[in-house]
Amino acid sequence: VGAEHIEVLDATLEFGDNVKAQFGTGDDLEIYSGGTMGIIRVPNDDFRIQAPRLTVQNVAANETLIDAYQDGAVELYHNNSKKFETNSNGCLLGDSTKLQLGGNADLQIYHNGSSGNYIDSVNKDLYLRCNLDAGITGGDIILQPKSGEDSAIFRDDGAVELYYDNVKKF
């Protein structure tokens, strides 16, 4: 336009496919359409979005994909249903939502919402191990049905102890 600045546009500003809006003296930020997708490119540095809340939605704006709150949670959604969130204590999964690991979801960890917590190994062996480094002493594996009440202790390089009502029996 030949002007130092534009105060107000009264029409849509349009760019053709692969024509970039470039920002910064070294083209630090580029925004453009590749013809089949929109692209924001930052070739020289970090890209930061600064906002008290960041929400990513589908193109129709009727489905949330990601929601992130300043000083708060980050939430991930699948098909507009929250599947994962962080909080001040760590990470949360909803009731009956499984943490699935492995190419075929071979290991599943979840809480069913009412009767219990589960670790499922699907068609594979399940190993509970302490120290995996060769030559370094590991630790004991202790099963407690409630805090402070031992049922079984598998000692590192030692005995297996079985308990009844927190009293060693075998």
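**Close-up 1. The side chains of Asp150 and Gln144 meet in a polar contact of 2.7 Å.** A polar contact is a pair of N or O atoms within 3.5 Å; within protein, one atom must be able to donate a hydrogen and the other to accept it, and residues adjacent in sequence count only if both atoms are side-chain atoms. The model is predicted: local features need pLDDT of at least 70, side-chain atom pairs count only at pLDDT 80 or more, and totals for chains, interfaces and linings use all residues. Residues are numbered from 1 along each chain as its sequence is written, and side-chain values use heavy atoms, with hydrogens and water left out. Asp150 sits in the loop between strand E12 (141-143) and E13. Strands (E, at least two residues) are DSSP runs, numbered from the N terminus. Asp150 is buried but has no salt bridge. Buried means under 20% relative accessible area, exposed over 50%, partly exposed in between (1.4 Å probe, protein chains only). A salt bridge needs a side-chain nitrogen of Lys or Arg within 4 Å of a carboxyl oxygen of Asp or Glu. Lys and Arg count as positive, Asp and Glu as negative; His and the chain ends are not counted. Leaving aside residues up to four places away in sequence, Asp150 touches Ile142, Leu143, Gln144, Tyr163 and Asn166; contact means heavy atoms within 4.5 Å.

**Close-up 2. Asp157 has a positive phi of about 55° although it is not a glycine.** This residue lies in the loop between strand E13 (152-154) and strand E14 (160-164). Asp157 is exposed, at 79% relative accessible area.

**Close-up 3. Three strands form an open sheet in the order E1-E2-E3, with antiparallel pairing.** Strand E1 (21-23) and strand E3 (38-41) are the edges; each has a single partner strand, so one side of each lacks a neighbour in the sheet. Strands pair if DSSP finds at least two bridges between them. Four bridges join E2 (residues 29-33) to E3. Ser33 has Gly38 of E3 as its bridge partner.

**Close-up 4. Strand E5 (residues 64-69) pairs antiparallel with strand E4 (residues 53-57) over five bridges.** Arg53 stands opposite Tyr69 in E5. The hairpin of E4 and E5 has six residues between the strands, and Ala61 there takes a positive phi near 60°. Three bridges join E5 to strand E6 (residues 74-78), also antiparallel. Ile66 has Leu76 of E6 as its bridge partner. Four residues separate the strands in the hairpin of E5 and E6, where Asp71 takes a positive phi near 55°.
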